[in-house]
Amino acid sequence: MKFTTEELIEGIRSGNKRLIAKAITLVESKKAEHRTQAEELLKKIMPFSGNSIRVGITGVPGAGKSTFIENFGRLAIANGKKVAVLAIDPSSSINKGSILGDKTRMEELAKEERAFIRPSPSSGFLGGIANTTFETMIICEAAGYDYILIETVGVGQSEVLVADITDVFLFLKIIGGGDELQGIKRGIMEMVDLIFINKVEKDNLQKAKNTRLELKRALDFIPPKEKGWKIPILLGSALYNEGLEEIYSKIDEFIDLKKKTARFSEVRTHQAEKRFEYWVQEYILAMMKRSDSVEAAYAQHKKNASEMVSNPSTEAKLFVEKFLSKD
């Protein structure tokens, strides 16, 4: 059943999870008629957005992201908050399919009336997020969710892009998982705001403390991301709800600091600008392909690049210059 924009807005504002999901599906669609309605919808709900805390949660596979999100979300709900979880699943590069299993891994949180879980395929988009995650956040904010928790596909070279759409970037780390080197990569460490060493128990407590010391030493060589904020490195176990209260408190402390220094609104403005730049590129390419002659030129330059007739960046430059030329 197709819903009008007004019906979707009413559903979003009233917290109707079914219509919130329909609105997100609309925004995720690549069909032209859906894009037009999605743009109208986003424009009309924009005044109701911006009131949440956006938390990006990353870490290598097996770091316990889903368990952390489930129990952290339940903690936030116990504190009177509404929580939306945007769990990004990696899409297959072969058939673009995605398992979308996060909802089944967060069974207890999914039962909560004040929680909304939306698994979305990354569709090959880099940065550990889906290409419409930002727009999905806007919908969840308009629906009144206080915390937007974004579970990324896992740490990689381009994973830091998740920091471009969040207020807090949390890095989950485990001991003995072979990620010690990954944990101190400069690209990741320059973007994090909080570090939580997960799955800490009595038998690995000393190792966890040693890991924390290594991370602290690594951070000493990196300029602080936020003035006046020393990145906390906390130990605990998401499975047993150990250390989550402290993380919850530190997130609030970090957001308060950013708001006092006006960095909060400054970063939000920068995030919106980045999304503008992304969509400019998307729409330019889409417009190019509407013309048969331009599409033919695109295919030819792409073929030249793929066959290494010349450098791919050169072919891209030649194509864009051809498209933008007066001829």
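These are my notebook entries on a predicted model.

**Entry 1: nonpolar core**

The largest nonpolar core holds 82 residues. Phe68, Val85, Ile139, Tyr147, Leu149, Ile195 and Ile251 have the most contacts inside that core. I then listed the surroundings of Leu149, setting aside neighbours within four places in sequence. Leu149 is in contact with Val55, Ile57, Ile69, Phe72, Gly73, Val83, Ala84, Val85 and Leu86. I note as background that nonpolar side chains tend to be buried together in soluble globular proteins.

**Entry 2**

I next looked up the pairing of S6. Strand S5 (residues 168-173) pairs with S6 in the parallel sense over four bridges, and Phe171 stands opposite Ile195. Strand S7 (residues 233-235) also pairs with S6 in the parallel sense, over three bridges. Here Leu234 in S7 is the bridge partner of Phe196.

**Entry 3: positive phi**

I checked backbone angles in the loops that follow these strands. Lys199, in the loop between S6 and helix H10 (205-219), has a positive phi near 60 degrees. Asn241, in the loop between S7 and helix H11 (244-260), likewise has a positive phi near 60 degrees. Most residues other than glycine have a negative phi. Lys199 counts as partly exposed because its relative accessibility is 40%; Asn241 counts as partly exposed because its value is 46%.

**Entry 4: salt bridges**

My search of the whole structure returned 14 salt bridges. I examined several of them individually.

The side chains of Asp167 and Arg268 form a salt bridge with an N to O distance of 2.7 Å. Asp167 is in the loop between strand S4 (147-151) and S5, and Arg268 is in helix H12, so the pair ties together parts 101 residues apart in sequence. Are these two partners buried or exposed? Asp167 counts as buried because its relative accessibility is 2%, and Arg268 is buried with a relative accessible area of 13%.

Lys225 and Asp193 meet in a salt bridge at 3.2 Å, N to O. This pair links distant parts of the chain, 32 residues apart: Lys225 is in the loop between H10 and S7, and Asp193 is in the loop between helix H9 (186-189) and S6. Lys225 is partly exposed at 32% relative accessible area, whereas Asp193 is buried at 1%.

In the salt bridge of Glu321 with Lys317, the closest N and O atoms are 2.8 Å apart. These residues are separated by about one helical turn, because they are four residues apart in helix H14 (residues 312-324). Glu321 is partly exposed, with a relative accessible area of 41%. I also recorded a network in which salt bridges with shared partners join Glu6, Glu40 and Lys44.

**Entry 5: surroundings of Glu40**

I followed Glu40, which lies in helix H3 (residues 32-45). Glu40 counts as partly exposed at 34% relative accessibility. Beyond residues up to four places away in sequence, Glu40 touches Thr5 and Glu6. Thr5 is 35 residues from Glu40 along the chain, and their C-alpha atoms are separated by 7.4 Å.

**Entry 6: a surface patch**

Phe276, Val280 and Ile284 make a patch of about 270 Å². Val280 is in helix H12 (residues 263-288) and counts as partly exposed at 31% relative accessibility.

Methods
Residues are numbered from 1 along each chain as its sequence is written. This is a predicted model: local features need pLDDT of at least 70, side-chain atom pairs count only at pLDDT 80 or more; totals for chains, interfaces and linings use all residues. Side-chain values use heavy atoms; hydrogens and water are left out. Patches are made of residues with over 30% relative accessible area and no salt bridge: like charges are joined within 9 Å, nonpolar side chains (Val, Leu, Ile, Met, Phe, Trp, Tyr) within 5 Å. Accessible areas come from the Shrake-Rupley method with a 1.4 Å probe; for residues, only the protein chains shown count as cover. A salt bridge is a side-chain nitrogen of Lys or Arg within 4 Å of a carboxyl oxygen of Asp or Glu. Buried means under 20% relative accessible area, exposed over 50%, partly exposed in between (1.4 Å probe, protein chains only). A nonpolar core is a set of buried Ala, Val, Leu, Ile, Met, Phe, Trp, Tyr and Cys residues joined through side-chain atoms within 4.5 Å. Contact means heavy atoms within 4.5 Å. Two strands pair if DSSP finds at least two bridges between them.
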